Amino acid sequence: MFTWLKNLFTLKPKLKGVDKVFSDWNLISYEDLLEHFEVETIAKERGENNSPATAAQTPDNFHNKLTTRFKKIVSDRTSDITRHLDSLENNATRAKEKLDFLDGIKTKFKNKLDDDLESYEPIITQANSIVRSRKEELNEFKSVNKLTRDADYPDALMWHYFVLIFLVVIESLVNASFFARGSTAGLAGGVTIAVIISGINVVLGYMVGKYWAKFSWSINQVLKTVGIFGFVLWAFVTACFNLTVGHVRTRFEEGDTDAMNTGFEAFLNSPFGLTDFSSWMLVLIGSLFAIIALFDGLKSDDKYPGYGAVVRKLKDALDELHTEVDDLKANANGYYNTYLSRGDTAIKDLGQDATTLRSTHDFVKERINNEYPKYCNYYQTVFADLIGSYRNTNLESREDAAPDYFTKEPILEWDRDNRDDQLLGLNTKIDKVSSELQIKTEQWSKERQELEQIKIDFLNDLRKYDSIS
């Protein structure tokens with residue numbers, strides 16, 4: 001762990017052009033640095049040119065370069081330590097935030113539920129009121145009409161619409177064949193006429209069955225009479241219409257250009273005077289499909305007039321109420337799962353955080369108290385020796401006297417960078433995280449159950465808004 005942390009927190013250069021020799025905490029030998037900085041070569045070249053001048057009062061560029069490089073590596077290591085400590089501070093703070101989250105998790109969950117209920121309550125109350133009103137309306141309708149059974153109607157009308165379309169298509173195809181021979185446009189002309197005829201038969205039968213004829217089942221005698229009259233009138237109109245179509249078809253096949261008028265006149269003169277088999281088939285098929293459409297209309301809703309509509313109004317109101325209540329329930333379950341997951345994750349992460357914080361703290365403490373002084377002392381000595389080698393080689397290669405500052409010790413200083421107070425504060429934080437983690441781990445198993453109970457109590461409270469229960 002110590003080696004891994006050391007590699008993890010080692011400062012790495014980011015720019016390709018930067019000297020990478022001092023990018024980590026390695027201690028490079030004096031000999032390697034002597035070669036790396038080309039100390040002897042540069043000192044000899046400058047000595048042969050009697051540089052720096054004897055009268056020079058300040059160190060030359062190369063001398064300053066070595067001094068500056070020493071200060072830079074000390075500064076880099078100081079920044080490295082600062083970065084480690086800042087990271088440790090941030091991690092300790094985040095761990096504390098996780099502990100604080102666990103402290104308030106029940107309150108946050110309950111407040112979230114209460115906020116949602118406050119937001120939804122006016123809508124649910126209104127929806128509940130509508131449900132109650134429509135229940136009363138349904139009960140009154142059943143009482144007035146002496147109904148004790150449940151309404152019988154399909155959940156969707158798609159099948160009934162399909163039957164209508166199927167009837168129109170089939171009757172149109174059958175009728176088209178009967179009209180094709182007499183049409184100047186052939187089968188296409190016959191289809192056009194057939195679609196109109198089948199449409200009238202099917203649509204009229206469906207509409208009468210769905211609306212008018214239902215009155216026959218009403219306990220109100222007036223409405224019952226109207227419904228029975230509707231049946232009779234529909235049967236009469238349908239029979240007359242299809243017989244007329246049969247006469248028109250006969251004239252149409254004979255090539256009569258005014259088949260519509262002459263066919264209608266023939267019907268008036270002799271309604272059942274058809275002699276052609278195909279015309280009678282046309283009448284029978286049209287009447288049959290009209291009857292099927294009538295029953296399709298009857299079955300598309302409850303046979304008692306208005307009963308299905310009143311029940312559907314209540315069902316729609318209940319659906320609206322349940323949608324709002326279900327949204328609240330879904331939100332409650334969602335919040336519960338979120339807070340439970342975050343609590344479990346916080347406990348798990350805190351266990352890892354406590355271990356990592358302690359290891360990192362010990363690693364940084366070791367680096368500050370031992371590695372950093374050792375590192376700085378080492379390079380203080382090495383760079384002083386490099387400057388001494390530069391001066392000696394320069395003296396050997398020059399003809400005149402060296403500057404006076406050659407006889408003085410180079411100034412290479414570094415700050416102890418005491419971080420004891422900061423380390424002590426971090427140590428206290430980490431100890432607190434570890435101790436509180438033990439307490440929170442024990443508490444969390446209990447609070448998990450309390451969170452579930454809060455959710456159950458909330459869902460039970462919602463039942464008062466549910467008209468079904």
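Predicted model: local features only at pLDDT ≥ 70, side-chain atom pairs only at ≥ 80, totals over all residues.
**Figure 1. Packing partners of helix 5.** The buried positions of helix 5 include Ile 105, Phe 109, Leu 113, Leu 117, Ile 124, Val 131, Leu 138 and Phe 141. Asp 116, Tyr 120 and Asn 128 are also among the buried residues of this helix.

**Figure 2. Course of helix 5 from residue 105 to residue 144.** Helix 5 comprises 40 residues and spans 56 Å between its first and last C-alpha atoms, close to the expected 58 Å. A bend of about 45° occurs at Tyr 120, and Pro 122 follows within four residues. Tyr 120 is itself buried. Just after the helix, Lys 146 adopts a positive phi of about 55°.

**Figure 3. The largest nonpolar core.** This core contains 81 residues, and those with the most contacts inside it are Phe 22, Phe 37, Tyr 379, Phe 383 and Leu 386. At least two residues of the core come from each of helix 2 (30-36), helix 3 (39-48), helix 4, helix 5, helix 11 and helix 12. Helix 11 contributes the most, with 31 residues.

**Figure 4. Surroundings of Phe 383.** Leaving aside residues up to four places away in sequence, Phe 383 touches Phe 22, Phe 37, Leu 66, Arg 69, Phe 70, Ile 73 and Leu 412. Phe 22 and Phe 37 are, like Phe 383, among the residues with the most contacts inside the largest nonpolar core.

**Figure 5. A separate core of six residues.**

Methods: Residues numbered from 1 in each chain as written. Heavy atoms only, no water. Expected span 1.5 Å × (residues − 1). Bend = angle between axes of the 7 residues up to and from the residue. Buried < 20%, exposed > 50% of the residue type's maximum accessible area, 1.4 Å probe, protein only. Core = buried A, V, L, I, M, F, W, Y, C linked by side-chain atoms within 4.5 Å. Contact = heavy atoms within 4.5 Å.
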